[in-house]
Amino acid sequence: MFRRFLSVVAVLALAVVGSVTIHVLAPEKAAADGCYTWDRTLRQGSTGSDVTQLQIRIAGWVSSGENLALDGDFGPATEAAVRRFQSGYGLPVTGVADSATYTKIYELQDNDCTPIHFAYSEFDNNCGANNFRGGKVSEATAKENIRRIMWQLEAMRRKLGDRPLNVTSGFRSVSCNEASGGSPTSLHMYGQAADLGLTNPPQCSMWNAGKTAGFEELLGPGYPGHNDHVHLGNKASRTWSAPNC
Ligand SMILES: [Zn+2]
């Protein structure tokens, strides 16, 4: 009983210390972030769920053809992505997720953890259903997959000169995909694909930008059925095709 009491006291003490630490370290963070707050610097060798949270947000800052693993392990690929993110936003390039990096991420994220220039509502048309249901994965998984894509698109948008990107199709249920004439194996049914329409940067610029934004499925002009949009998807193997680019 006493022991249990002690552990309760310890937990309370930790909670108090934790909240005090956050305030002392970065009073500006509380207002900046209703989504997620990092409470330590991350660098090569760091592991944990906070590394995964970082990886989701920098997944669009990879080298050409690379797909960053969201594995909670801060290795060389994560460091390189952090460097590109920092460079892309004019921050000191340290390769370490430091306070300047977090401040930029807080600026870029909404309270629902999506990036500021994209919203779930742009991806959930689903043939008028306005939800993420009826696909090949659960609603929660589809949303999580779409969130990752949004961060990749946020990076693409930045690299293309802060030009708005127009999402014409995101998640599709199995029946919606069929009605839309989508491939029977379409990644859209998993929330792992998005289409960008033509009121965007040039089609081939978008197709090319997708290569360094972590997309392993990239279909554009000249590929059957893709002359009016660019299709970007996340999967393990690579399919890049845009014969007219
Ligand atoms: Zn598509």
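Biologist: How many C-beta neighbours inside 10 Å does Leu196 have?

Modeller: Residues are numbered from 1 along each chain as its sequence is written. This is a predicted model, in which local features need pLDDT of at least 70 and side-chain atom pairs count only at pLDDT 80 or more, whereas totals for chains, interfaces and linings use all residues. A residue is called buried if 20 or more other C-beta atoms, placed from the backbone, lie within 10 Å of its own, exposed if 12 or fewer do, and partly exposed in between. Leu196 counts as buried because its C-beta neighbours inside that distance number 24.

Biologist: Which strand holds Leu196?

Modeller: Helices (H or I, at least four residues) and strands (E, at least two) are DSSP runs numbered from the N terminus, and the protein has 8 helices and 5 strands. Leu196 is found in strand S2.

Biologist: Which strand pairs with S2 over 4 bridges?

Modeller: Strands are said to pair if DSSP finds at least two bridges between them. The C-alpha atoms of Leu196 and Val230 are 5.2 Å apart in space, although 34 residues separate the two in sequence. Ala194 stands opposite Leu232 in S4. The partner that pairs with S2 in the antiparallel sense over 4 bridges is S4.

Biologist: Which residue of S4 does Leu219 stand opposite?

Modeller: S3 and S4 also pair in the antiparallel sense, over 3 bridges. From S4, Val230 and Leu232 point one way and His231 and Gly233 the other way, and all of them are buried; in a regular strand the side chains alternate between the two faces of the sheet. The residue that Leu219 stands opposite is His231.

Biologist: How wide an arc do the buried residues of H3 cover around the axis?

Modeller: The buried residues of H3 (residues 49–58) are Val51, Leu54, Gln55, Arg57 and Ile58. The arc is that of the directions from the helix axis to the C-beta atoms. They lie on the same side of H3 because they cover an arc of only 165 degrees.

Biologist: Which helices do the buried residues of H5 pack against?

Modeller: The buried residues of H5 are Thr101, Tyr102 and Ile105, and they lie on the same side of H5 because their arc around the axis is only 95 degrees. Packing here rests on contacts, where two residues are in contact if their C-beta atoms, placed from the backbone, lie within 7 Å. What covers the buried residues of H3 includes H4 (76–88), H5 (99–108) and H6 (139–159). The buried residues of H5, in turn, pack against H3 and H4.
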